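Trainee: Could we go through this model together? I would like to begin with a term and then turn to the details.

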Amino acid sequence: MEAMAKTLVVNQERCTGCRLCESVCAVKHDGVVNPMRARIKIEKWEHEGLYVPMICQHCQDAPCMNVCPVKAISRDEALARVMVDYNTCIGCRSCVAVCPFGAMNFNTIDKKVIKCDLCDGEPQCVRFCDIKAVDYVDAAKVSISKKRDAALRMTSAQKKATELEAEM
Amino acid sequence: MAEEKLSTQEAVAQTRTYGQFRCLNPSCTSRLSAQPGQATVKCAKCGSEWRIAWVKAGFPRVRGPVWETSERLADEAMAKKMAEKEGK
Amino acid sequence: MALNRKVAIINLTTGQIESKPIPIDVRKKFLGGRGMNAYLLYNYLKPGVDPLGPDNVLVIGIGMLAATMASATSRTDVMGKSPLTDMIGSTNMGGFFAAELALAGYHHLVFLGKAEKPSYLWVHNGEIEIRDAASVWGKSVTDTQWTIRKEMGDEDIKFAVCGPAGENLVRYANVMTGIKNSAGRTGMGAVMGSKNLKCVAARGTLDIKIAHPTQALEYNKRFIDLITSAKVNQTMGTLGTPFIWGATNSWGGCRTNNFQYNQLRYADDIEPEHLDEISKETCGEYNMTACFNCQVHCRAKYKIPQSPLAEKFGLVGKYDEGPEYTSQGGFCCEVGCTDAATLLCANHLVDQYGVDNLEIGSMIAWAMELYDYGILTSKDTDGVDLRFGNGEAVLEMIHRICQKKTWLGQALAEGPIRAAQKIGRDSEKYLIHVKGMSNLHSDERATPGLALNIAVSSRGSDHLRSRPAIDLYHLPKDVMKRIYSSPVPFEGELSSDHRSYEGKAWQVFWQENCFMGVDCMGICKYHTTFLGATLPNFEDWARVVNYNTGLELTPTEIWTAAERCNMLEKLVNIREGFKRDDPHKGDVLADRYHNEPAKRGAPDVIGATIDREKFKGMRAEFYKHKGCDENGIPTPETIKRLGLENEPSHLL
């Protein structure tokens, strides 16, 4: 059996909102700090302390790929990622319009669309995120750890409910 | 970059200890340790007694003094100071 | 050269705006952030002006490394003449404003004059515009920010804002950003208010070029790992800065009931672990939040839990961040309150008004002590029962001071010296201040090194200018020697004993340069040799500066630049009337440090006072290290050595 490629996973409740991921992403790709150039973006609801890292999901049936009129977007199965071929891309931004996650960006300085390329298998956002609000894990294991977390939450909620009942 | 030597601070950082904590009596500062679940620790050197909390597993810290002990030691020290003063 | 940055001179009276590049030779001399601000202030400020008049100068500046990816380059420094002390005003905040201002194209903003009507400054991709602030004048710190974001339809705008306290000219009002990040000392918010400047709003998408991107990524990771692997920072990343208060209070280093005691006993409700429980209950398991590019994430989120006090003041469920250890100081030990409700409510009120938690807590604590002794009566307080431990009185006084209501509220809004003059009746002798700024909540009677630090601090009683906090760790002598002999050698004796007076002057001098250095870089103090002995300083900064900006500086050059910038702050103070032994303008401690023995805490702390003669000896030694004469005035040789003989040189 072929080994399953790794995938980026967001644990939004962990995110501290520091945006180092945005900085290192832009430095890795363009040698500058500029969140506008970053392929990852922390969406914030500052008044309630809610921060959500937004990234490309590298969809199997990617809308950006399907909508591209010149077939500049394709899947690279070796790294399970969706890539843009800039030799073919005409910069029409149809992909930006269609992405359900807002993860296809338009860089207004270089006038081109940009998206996550998983740093060719060594995502810098993950490397620098100590708390692992973004992580890079085996695709097959994502739901396993989520399942365990959810099970733990349910059990402790149940425990609490039983305790409350006992107190009554 | 790879050849960049350890800086003074990076070198000093190699003397860090983990898993222990210091007695917070500033003229004592003995290194103390605690077993998982242990609620208080008494300093063998100065007699101060501390309530222990855990930053995470294997990482204990002093949450605060055991107030009764702290108060008693302070009162004793004060009485000694007063006696010394009167003795002069 | 990656380091092409700009300064803007904004005349609020005429509306004229001038933009200038910062030449590299000026950059090398004054680095950035606080140091460059000191240069700009010294050059633009005329001596003797009214701090709340149009002639005062306000400088907002960000660190040399702002918006690079070096760890926690989030700091904004604000300078002007202080309406609190009438000497140098200087204060520093984290958050996200610094990075956004850099991305918007500016590193320093110098404000002259006074706007005719409430205004704000819009900085966007190199463009600067003075705008009408009618829609936000009178609004709280956060409402101001949310309103402008909504008006402009952009959630990513970042602000440096003054709250209602600044508008009302409370002499210790903050400049703030986000929910709670505060440039909170010396009243720079009041200077904004006096200039009719509600806020600076910044938004940018300009590139901050990294000189050596690949190496910078590698080195920054190493730099960050040195920071996050320290025990203090791991503790802080879980419990926030309250852990500092907890440790200090445990041995008796927190002034309590103003200065009657040095420890708040049986305060389990406000201990960090309990505050953490409240955060977890109200904001979830992962409840820490961070400033720009920081992996330490020391700020907790919380919502105010239900309690009779919170209910009475209409604060149940309000979201805020912190509280920091300084709020535990101002709203717990100093005022004698042991309940989390008072702490969390008061912390929220000061964040909304935009006022210094330390100063307002100290003013209320001082008034409580006066009330305790009958110097103030319930007639003076308009019915408020100002006894120690009364949380309701604390909250009520915060409202009155920030709104400048009632005789006492107005008096306390003026800061220590002016309030004491207004109240009279020998009230001044109960103040705990240096140069007219109240001390933070720490009690330095048992720690001569820390006492020297607050006495000689340029901006008044404060820990963030030169505190040798690691003096309390009983570090082995050889470790102390290694730390304090880099980058310049120190041949004298150092003592591992915090009670000793030996070598402390050097430690304070070293820390003064270290803290100036980190403030020039624009990096947070928790990322240098402050609470953690083994965190980065001069040698590490030389590397991080080079990889990120391409500027080549040796550790010793950074040290000398820091010395130079500290001296500039001193020169501002000398111009504004510094005299060594002047009780209002000198490098002196309140008499109570020398006369009243500490009564609580660890056995060896009991009975501690600062020996007056030994203190003077330590201070004289400190002046020598700085190159000053016995009166604390720099010698002509020192001025020449530091290249300050032509100041003000008006290069910017």
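Mentor: Two strands are said to pair if DSSP finds at least two bridges between them. Please keep in mind that this is a predicted model.

Trainee: How many bridges join strand S4 of chain B to S5(B)?

Mentor: There are 6 bridges between S4 (residues 49-56) of chain B and S5(B), and the two strands run antiparallel. Within this part, B:Trp50 stands opposite B:Pro65 in S5(B).

Trainee: In what order do the 3 strands of the open sheet in chain B lie?

Mentor: The order is S3-S4-S5 in chain B, with antiparallel pairing. Strand S3 (40-42) and strand S5 (59-65) of chain B each have a single partner strand, so one side of each is left without a neighbour in the sheet. From one strand to the next, the twist averages 45°.

Trainee: Changing topic, what does the domain assignment give for chain C?

Mentor: It gives domain 1 (6-203), domain 2 (249-438) and domain 3 (448-641).

Trainee: What area is buried between domain 2 of chain C and domain 3 of chain C?

Mentor: About 2400 Å² is buried there, and carbon and sulfur atoms give 57% of that area. On the side of domain 2 of chain C, C:Trp251, C:Val434 and C:Lys435 supply 29% of the area buried against domain 3 of chain C, more than any other three residues.

Trainee: And how many salt bridges are found across that interface?

Mentor: The rule finds 2 salt bridges between domain 2 and domain 3 of chain C. C:Arg592 forms a salt bridge with C:Glu369, with the closest N and O atoms 2.7 Å apart.

Technical notes: Residues numbered from 1 in each chain as written. Chains lettered and ligands numbered in written order. Predicted model: local features only at pLDDT ≥ 70, side-chain atom pairs only at ≥ 80, totals over all residues. Heavy atoms only, no water. Helix = DSSP H or I, 4+ residues; strand = E, 2+ residues; numbered from the N terminus. Axes fitted to C-alpha atoms, helices over the stretch in contact; angles between N-to-C directions. Domains from an automatic or database assignment. Buried area = accessible area lost by both parts, 1.4 Å probe. Salt bridge = Lys/Arg side-chain N within 4 Å of Asp/Glu carboxyl O.
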